[in-house]
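The structure is shown first.

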Protein chains: 2
Amino acid sequence: MDRSDAPLYFAFFNEIGIIGQLSRAMLEAELPKGLLAPHFSILNHAVRVKDGQTPLTLANAFQVPKTTMTHSLGVLERHGLIELKPHPKDGRSKQVWITEAGRSLRDRVVEATGPALAAFAQQFDPETMREIVPKLAEMRAFLDAARDED
Amino acid sequence: MDRSDAPLYFAFFNEIGIIGQLSRAMLEAELPKGLLAPHFSILNHAVRVKDGQTPLTLANAFQVPKTTMTHSLGVLERHGLIELKPHPKDGRSKQVWITEAGRSLRDRVVEATGPALAAFAQQFDPETMREIVPKLAEMRAFLDAARDED
DNA sequence: TGCATATGGTTCGAAATCGTACTAAATAGT
DNA sequence: ACTATTTAGTACGATTTCGAACCATATGCA
């Protein structure tokens, strides 16, 4: 890396951070009081990816400590949005199942974000996104791998 | 936006979020105990952008509530990394000045992140970044503007 | 089998984040 | 000049995040 390129890379991570912050705020504007972006992410993951995962699997998927996941799942359970059941194969573990209320809340929030997403999509067309998203996925994978190495 | 493109946009924000989280963790690995990424960001901003800003200006720059900024500045001040002086023109306000200790800590951390940044740069060349970063900046500006409209 | 170790999850305490309510100083409108 | 409103910052309380220590169950190995 040429010395003079460093600012470019710093700028990259800077923009990433701000976009993350702004998009999180926009999502949270659509969530009922008491729920934040991480809670929604768990519901969304249950719908889009898979139901019945263990808390630890989820903690790894979201790159948060397991204690954080314990807490977040507690919030979702108290809201009746997920159910925690004992794991059938492992007495130490649990399974996280989304409830009907959880699924419908998730769907409603996805709906509610529609207009904002459409406005964004009008400015940044799918072609652009199809170039950028895979690159970002590569970068995410690289950083993730680098993290494991230490 | 075609209905079928929605997942692409969700994926975009998802990748952004994870990259932000991973890069924050990597930065924090280089910080002395008791300091987190937001603290460093303030020091970095003071060096790169401008010294002597008011707390409110900083809160706006980082898109955080002013109470959060009050807290963060308190931490930095207790560590002797910044000085808070009364604002010469406005009795309600203050100025945030970085100290020598603050500047040198910031420089050391930038140095320390060098290898990780170089490794990243080896995978993702400056050409790629010069395509992506301006796009991200546009997106950030768009989201920022959209936020103000409400 | 029996015991050491590893793994999944919780508890607990510290720090960060943030909304609400407040104080003090500045500005606007009369 | 005088009062009302706005603005900068802080105090406080609720929630989130996260590391350290802990408990219970599972696994590895003799």
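The copies meet through the same surface, because 98% of the interface residues of chain A are also interface residues in chain B; two residues are in contact if their C-beta atoms, placed from the backbone, lie within 7 Å. This is a predicted model in which local features need pLDDT of at least 70 and side-chain atom pairs count only at pLDDT 80 or more, whereas totals for chains, interfaces and linings use all residues. Residues are numbered from 1 along each chain as its sequence is written, and chains are lettered from A and ligands numbered from 1 in the order in which they are written.

Chain A is superposed on chain B by a rotation of 180 degrees with 0.1 Å of shift along its axis (RMSD 0.1 Å), by least squares on the C-alpha atoms of residues with pLDDT of at least 70 in both. The two copies are thus related as by a two-fold rotation axis. Of the residues of chain A, A:Ile16 comes closest to that axis, at 2.9 Å (C-alpha).

A:Ile16 also belongs to the contact of α1(A) with α1(B), where among the residues that meet are A:Phe13 and A:Gly17 of α1(A) and B:Phe13 and B:Gly17 of α1(B).

How values were computed: Helix = DSSP H or I, 4+ residues; strand = E, 2+ residues; numbered from the N terminus.
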